[in-house]
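Please look at the model below, then read the points by topic.

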Amino acid sequence: MWPPTNTRRSSGEASDWISEVINGGSLRHVDLHSGTNGWTSPPGDVFSLRSNDYFTKRQKSPAGEYLLSPAGMDWLKSSAKLDNVLARADNRVSHALRKAQAEGRSLKSFVFAVNLQIPGGKEHHSAVFYFATEEPVQAGSLLYRFVNGDDGFRNQRFKLVNRIVKGPWIVKKAVGNHSACLLGKALTCNYHRGPNYLEIDVDIGSSAIANAILHLALGYVTTVTIDMGFLVEAQTDDELPERLIGAVRVCQMEMSSTTVVDSLHAPPMARGHGLAKVNHHKSAES
C-alpha cells in the first residue's frame with residue numbers, strides 16, 4: 001500500500017514561492033470551468049486509476065488528491081530544444097525557490113517537472129509543468145523510489161493519463177478521449193536529477209506517431225481543453241492504489257502566448273542526468 005502522504009497542501013496553505021510561480025508564467029492561471037488561453041488544475045477524481053484490488057478484479061477508482069501541489073506551467077519557445085530547464089539561471093521556478101531558501105524558508109522543498117519538448121523547424125516549443133512539495137517526498141513510497149531510481153525503472157513506470165475536456169472530434173479520435181501511455185516506453189525520456197528536483201524531458205519528436213498526433217492537435221489548439229495527469233504506474237499489489245503526482249488542465253491555448261528563451265546559454269547538465277530511448281509502445285492496459 002502507498003504510505004500516507006503529507007505532501008499535499010491546500011491552495012490556502014501554499015507557500016509564497018509556490019503562489020508566485022503559479023501566477024507568474026506567460027500562460028495565465030485561469031478558472032477551471034471558464035478559463036481560456038491558460039492552465040489550471042482539474043480535480044484528481046476526473047481520472048480513474050488502478051485501485052487496491054486492480055490485479056485481482058481489474059477495478060479502477062477516482063484518483064483523489066495529488067501527491068504534490070501544482071506549481072505552474074511554462075509555454076516556452078526557442079531556436080533549439082530546451083533541456084533541463086530547472087537548471088537554467090533564467091528559470092523562474094528555480095529562481096523563486098532559491099530566493100525563498102536564501103531567506104531560510106522552504107529548505108526541504110522539492111520540485112517535480114515534466115518538460116514536453118515539441119520539435120519544429122526553426123522554432124522549438126516546450127510545455128513545462130511544475131509540481132512541488134514543501135516536505136521531503138516520503139521515504140519508501142513509490143514516488144520516492146521513482147525519484148531516486150535508475151532510468152530503467154523510470155522508463156517502465158512513468159505514465160501519462162489524459163482526457164479531452166473540449167475539442168473537435170478529429171482531435172478526440174487522434175489523441176483518445178480517455179487514454180494512458182507509459183511515456184518512458186513510448187518516447188525518449190531524459191531524466192535530470194538535481195539536489196531538490198527531478199525534471200523529465202519528454203522528446204515528442206522521438207516518436208513519429210506522437211509527433212504527428214501532437215501537431216494535429218496543435219492545429220486545433222485554440223479550441224482544445226485537455227487534462228493531463230502524471231503518475232508512477234503501480235505494478236504490484238503493495239504499490240496500489242495508484243496516486244497522481246499531479247495534473248494540469250490546458251485550456252484553449254494560443255500558440256503566441258510563449259516566453260522566448262535563449263537557447264545559446266543552456267547550463268551544464270545536472271548531476272544524475274540520464275538518457276534512455278526505447279521503441280514506441282502504448283500501454284495496452286491503463
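Val-202 touches Val-114, Asn-115, Leu-116, Gln-117, Phe-158, Leu-183, Leu-187, Thr-188 and Cys-189, leaving aside residues up to four places away in sequence; a contact means heavy atoms within 4.5 Å. The model is predicted, so local features need pLDDT of at least 70 and side-chain atom pairs count only at pLDDT 80 or more, while totals for chains, interfaces and linings use all residues. Residues are numbered from 1 along each chain as its sequence is written, and side-chain values use heavy atoms, with hydrogens and water left out.

**The chain as a whole**

- The chain has 8 helices and 15 strands; these are DSSP runs numbered from the N terminus, helices being H or I with at least four residues and strands E with at least two.
- Of the 286 residues in the chain, 53% are buried, where buried means under 20% relative accessible area, exposed over 50% and partly exposed in between (1.4 Å probe, protein chains only).
- Among contacts in the chain with a separation of 6 or more, 73% are between residues 24 or more positions apart.
- The accessible surface of the chain is about 12,600 Å², and carbon and sulfur atoms hold 53% of that surface; the areas come from the Shrake-Rupley method with a 1.4 Å probe, and for residues only the protein chains shown count as cover.

**Nonpolar cores**

- The largest nonpolar core has 67 residues, and those with the most contacts inside it are Trp-17, Phe-112, Phe-129, Phe-158 and Val-202.
- Strand 6 (residues 110–118) gives the most to this core, 7 residues.
- Apart from it lies another core of 9 residues, including Phe-47, Leu-49, Val-161 and Leu-231.
- A nonpolar core is a set of buried Ala, Val, Leu, Ile, Met, Phe, Trp, Tyr and Cys residues joined through side-chain atoms within 4.5 Å.

**Cysteines**

- The whole structure holds 0 disulfides, a disulfide being a pair of cysteine sulfur atoms within 2.5 Å.
- Cys-189 forms none because its sulfur is 9.0 Å from the closest cysteine sulfur, in Cys-181, too far for a bond.
- Both residues are covered: Cys-181 is buried with a relative accessible area of 14%, and Cys-189 is buried with 0%.

- An open sheet of 6 strands runs in the order 1-2-13-12-8-9, with mixed pairing; two strands pair if DSSP finds at least two bridges between them.
- Strand 1 (28–29) and strand 9 stand at the edges with a single partner strand each, so one side of each has no neighbour in the sheet.
- Strand 8 (residues 158–166) has 7 of its 9 residues buried.
- Strand 8 pairs with strand 12 (residues 225–232) in the antiparallel sense over 8 bridges, and the bridge partner of Leu-160 in strand 12 is Phe-230.
- Strand 8 also pairs with strand 9 (residues 178–182), antiparallel over 5 bridges, with Val-161 opposite Ala-180.
- Strand 2 (residues 38–40) and strand 13 (residues 244–251) run antiparallel and are joined by 3 bridges; Thr-40 stands opposite Arg-249.

**Helix 3**

- Helix 3 (residues 92–102) has Arg-92, Val-93, Ser-94, Ala-96, Leu-97 and Ala-100 as its buried residues.
- These buried residues pack against helix 1 (16–22), strand 5 (69–78), strand 6 and strand 7 (124–133).
- After helix 3 comes Gly-104, whose phi is positive, near 80°.
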